[in-house]
Amino acid sequence: MDDRVLMTMWPTPADASSRFYDSNLRSAVGLLIAIATDRRSRGSGRPPGQPQAEWRAVLVLALAALEAGLVDVGLAAHHHRVSSRCDALGDGAATEDELTRARGRLLSSLPLSAPNAQKIENFMLSQFGVLPSRIVVPPVAHFTARRKREALGGAGSGTKASFRGGWDELATRLDAIQYLRNAIVHADSRKLTTIPGAASSLPENVQDSIWARQKDGNWSLQMPHAVTAVRTAVAVFNTVADTLYAAAGLDESAQAVLRRPDEVVPFDD
């Protein structure tokens, strides 16, 4: 089989990372930077409209990028596992057939559309035997969130807040972002005016990095929350990649291709 076709079907860890950071995320990061630059240049002279719609688009694009990235991570880890097993049996001729069958089984069982924590945990457990309690957030997944508590006038870049937590907190952040994504995509009037119950139990400093509260108590997405959403997507990608590559028996070079969220999603004060 042509090497280029094989790379497309079975990405390596380096391929998966490159596609996610440089291709899948390009729309979300590009839109975020373009909007932020435009609004800063306009200042108070920006035109009237619905600025929240722009930040909502960034969040939706970030989750779509994460979905594509997680599929590539699963394929890269599965390819290594199957290839290693066939090599150990000394039956190189059977490798391609086994990989083809394995790829079909894997893709048919990927419950990662608009990913949330439960979908990711189910996939990691069913396909790789990784219990949720064994998911470890590596240092390369730590990032700087942005906080803004109240949705008062002006975009505002918010204040910095470091994320150094474990999977439980990162998972809850992801679930909140997925909830907001579903509300936006489906134009769900109930969700568009209601904070998700699980996410509303987060510490206030975490809530402030995912949404701001309006005077009427509803949620609002602004510049700081868009930045946090994209960086959260990178943190989840890095966490899943690091965990699955280790579970599949890949050496540390697989983790070395991961890049920190703050590097992938640059944002200046």
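The views below come from a predicted model.

**View 1. Arg259 pairs with Asp22 in a salt bridge.** The closest N and O atoms are 3.2 Å apart. Arg259 sits in the loop between helix H11 (252-256) and helix H12 (261-264), and Asp22 sits in helix H2 (residues 13-24), so the pair ties together parts 237 residues apart in sequence. Asp22 is partly exposed, at 37% relative accessibility. Glu263 joins Asp22 and Arg259 in a network of salt bridges. A search of the whole structure gives 7 salt bridges.

**View 2. Asp208 forms a salt bridge with Arg147.** The N to O distance is 3.4 Å. Arg147 belongs to strand S1 (residues 143-147), while Asp208 lies in the loop between helix H9 (204-207) and strand S3 (212-213), so parts 61 residues apart in sequence are tied together. Asp208 is buried, with a relative accessible area of 6%. Arg147 is partly exposed at 26%.

**View 3. Asp208 also meets Arg149 in a salt bridge.** Here the N to O distance is 3.5 Å. Arg149 lies in the loop between S1 and strand S2 (159-163), 59 residues from Asp208. Arg149 is partly exposed, at 42% relative accessibility.

**View 4. Thr243 is a buried residue of helix H10.** The helix covers residues 223-247. Thr243 has a relative accessible area of 8%. A polar atom of its side chain lies 2.8 Å from the backbone oxygen of Thr239. Beyond four places away in sequence, Thr243 touches Met124, Val130, Arg134, Ile135 and Val136.

How values were computed. Residues are numbered from 1 along each chain as its sequence is written. This is a predicted model: local features need pLDDT of at least 70, side-chain atom pairs count only at pLDDT 80 or more; totals for chains, interfaces and linings use all residues. Side-chain values use heavy atoms; hydrogens and water are left out. Helices (H or I, at least four residues) and strands (E, at least two) are DSSP runs, numbered from the N terminus. Buried means under 20% relative accessible area, exposed over 50%, partly exposed in between (1.4 Å probe, protein chains only). A polar contact is a pair of N or O atoms within 3.5 Å; within protein, one must be able to donate a hydrogen and the other to accept it, and residues adjacent in sequence count only if both atoms are side-chain atoms. Contact means heavy atoms within 4.5 Å. A salt bridge is a side-chain nitrogen of Lys or Arg within 4 Å of a carboxyl oxygen of Asp or Glu.
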